[in-house]
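Please have the sequence and the 3D view open as you read.

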Amino acid sequence: MSKKNKTLKDILDIILYENPSTQDEIAVKLGITRRYVTQLLQPLVKEGTVKRAYMIDLKSYEKVAESLSDYIGPTETKGNVIVNDMIANMVRHVHSQIEVSFEAVLEYDEEKANKALEMDYATNNMVEKIRTSVETIVNMNKHSEISKSMLYNEIAYDLERIGDYSAHIAKFVINDIYEIDENVLKKLKKMYKIAQKMIRLAITSFIEGKTELKDDLMKLEESIHILQTKAINLIAEQMAENSFDEKERSNYFIYLFRVIKAFERMGDISVEMMDVSIEFHENIPRSTTPRTFR
């Protein structure tokens with residue numbers, strides 16, 4: 001592969017998997033000039049392979065990638081491999097978003113809280129990229145199992161929901177003026193670690209087909225619910241000691257409840273992702289009942 005083709009392939013990979021905001025960002029990642037990025041992308045923008053907001057037409061990308069390298073594999077599986085990579089990248093981003101959000105709480109750092117909120121915009125954009133790519137997969141392969149392909153969208157949507165709850169944690173620092181009681185904070189630290197582990201197990205199951213991980217996941221879910229109850233009881237004791245005439249103090253408790261709920265919901269969503277993984281890998285027919293009513 002020529003140096004020019006390799007650079008273009010690297011640019012396309014960054015657009016697919018790393019969700020850049022600007023051409024300057026792409027240039028910095030690759031150590032090249034913005035002008036060179038523009039020069040390489042311009043033909044692909046004109047023909048519609050690369051669209052605004054750095055969306056890639058997956059069907060066109062297949063042809064471009066094949067011409068740039070020895071990009072091989074059955075047509076019906078190429079798109080799935082790409083979307084798997086996009087899911088894996090999205091979950092890494094969401095893990096980082098949760099980490100930054102909770103660090104903001106631990107350090108009472110408003111700057112980190114704002115950074116976590118900015119990361120949530122990227123999370124939302126990743127969902128749209130995956131949705132568009134899944135539509136392309138279905139169009140590329142007329143014999144694909146449409147309902148199975150759509151499960152990628154469910155996983156991406158669930159990761160977006162986790163990102164939203166991460167934003168709730170970051171907002172605690174921005175909205176409040178009180179630091180968290182040490183006893184409550186200990187419970188939150190444990191909930192944070194368990195939530196991150198549950199997300200990791202669910203995604204590993206989906207990408208690698210390790211559905212046997214569900215037993216481990218359910219044990220963790222029980223643990224996070226126990227911690228939630230203990231944290232809420234501690235807060236209830238603190239509330240009993242404070243007057244609700246103090247508006248700022250009452251807001252503190254409301255926002256703190258949201259942080260606890262955020263970690264609990266991350267655990268619940270991880271269980272939902274595990275159920276999607278089992279449907280995907282064990283070819284279980286989709287229920288016609290909306291998931292929220294199952």
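**How the helices pack**

Start with α8 and α9: α8 passes α9 in a left-handed crossing. Left-handed here says that the near helix is turned anticlockwise from the far one by less than a right angle, whereas clockwise would be right-handed. Helices (H or I, at least four residues) and strands (E, at least two) are DSSP runs, numbered from the N terminus. Before going further, please keep in mind that this is a predicted model, in which local features need pLDDT of at least 70 and side-chain atom pairs count only at pLDDT 80 or more, while totals for chains, interfaces and linings use all residues. Residues are numbered from 1 along each chain as its sequence is written, and side-chain values use heavy atoms, with hydrogens and water left out.

Back to our pair. The axes of α8 and α9 are 12 Å apart, and the two helices pack at an angle of about 170°. That angle makes α8 roughly antiparallel to α9. Axes are lines fitted to C-alpha atoms, for helices over the stretch in contact, and angles run from 0 to 180 degrees between N-to-C directions. Angles under 35 degrees count as roughly parallel, over 145 as roughly antiparallel, 65 to 115 as roughly perpendicular and the rest as oblique. On the α8 side, Leu151, Tyr152, Ile155, Leu159 and Ile162 meet Ile199, Ile203 and Phe206 of α9; contact means heavy atoms within 4.5 Å.

For another kind of packing, look at α2 (residues 23-30) and α3 (residues 34-47), whose axes lie 8 Å apart at an angle of about 110°. That makes α2 roughly perpendicular to α3. Gln23, Asp24, Ile26 and Ala27 of α2 make the contact with Arg34, Val37, Thr38 and Leu41 of α3.

Now step back to the whole chain. Its secondary structure comes to 11 helices and two strands, and along the sequence these follow the pattern α-α-α-β-β-α-α-α-α-α-α-α-α. Of the 294 residues, 49% are buried (buried means under 20% relative accessible area, exposed over 50%, partly exposed in between, with a 1.4 Å probe and protein chains only). Among contacts with a separation of 6 or more, 74% are between residues 24 or more positions apart.

**Into the core**

Which residues have the most contacts inside the largest nonpolar core? They are Leu159, Phe172, Ile180, Leu188 and Phe263, in a core of 68 residues. A nonpolar core is a set of buried Ala, Val, Leu, Ile, Met, Phe, Trp, Tyr and Cys residues joined through side-chain atoms within 4.5 Å. The helices that each supply at least two residues of this core are α5 (75-107), α6 (110-140), α8 (151-175), α9 (182-208), α10 (214-240) and α11 (247-281). With 16 residues, α11 gives the most to this core. A second, separate core of 12 residues includes Ile11, Ile15, Leu41 and Leu44.

Leaving aside neighbours within four places in sequence, Leu159 is in contact with Ile87, Met90, Val91, Val94, Thr123, Ile199, Ile203 and Met273.

Phe172 is also in helix α8, and Phe172 is buried, with a relative accessible area of 1%. Not counting residues up to four places away in sequence, Phe172 touches Val105, Tyr108, Tyr178, Ile180, Tyr252, Tyr255, Leu256 and Val259. The C-alpha atoms of Phe172 and Tyr252 are separated by 8.3 Å, though the two residues are 80 apart along the chain.

One of those partners, Tyr108, sits in the loop between α5 and α6. Tyr108 has a positive phi of about 50° although it is not a glycine, and at 25% relative accessibility Tyr108 counts as partly exposed.

Ala104 lies in helix α5 and is buried at 0% relative accessible area; beyond four places in sequence, Ala104 is in contact with Asp109, Lys112, Ala113 and Val173. Ala231 is found in helix α10 and is buried, also with a relative accessible area of 0%. Ala231 touches Lys187 and Ile260, not counting residues up to four places away in sequence.
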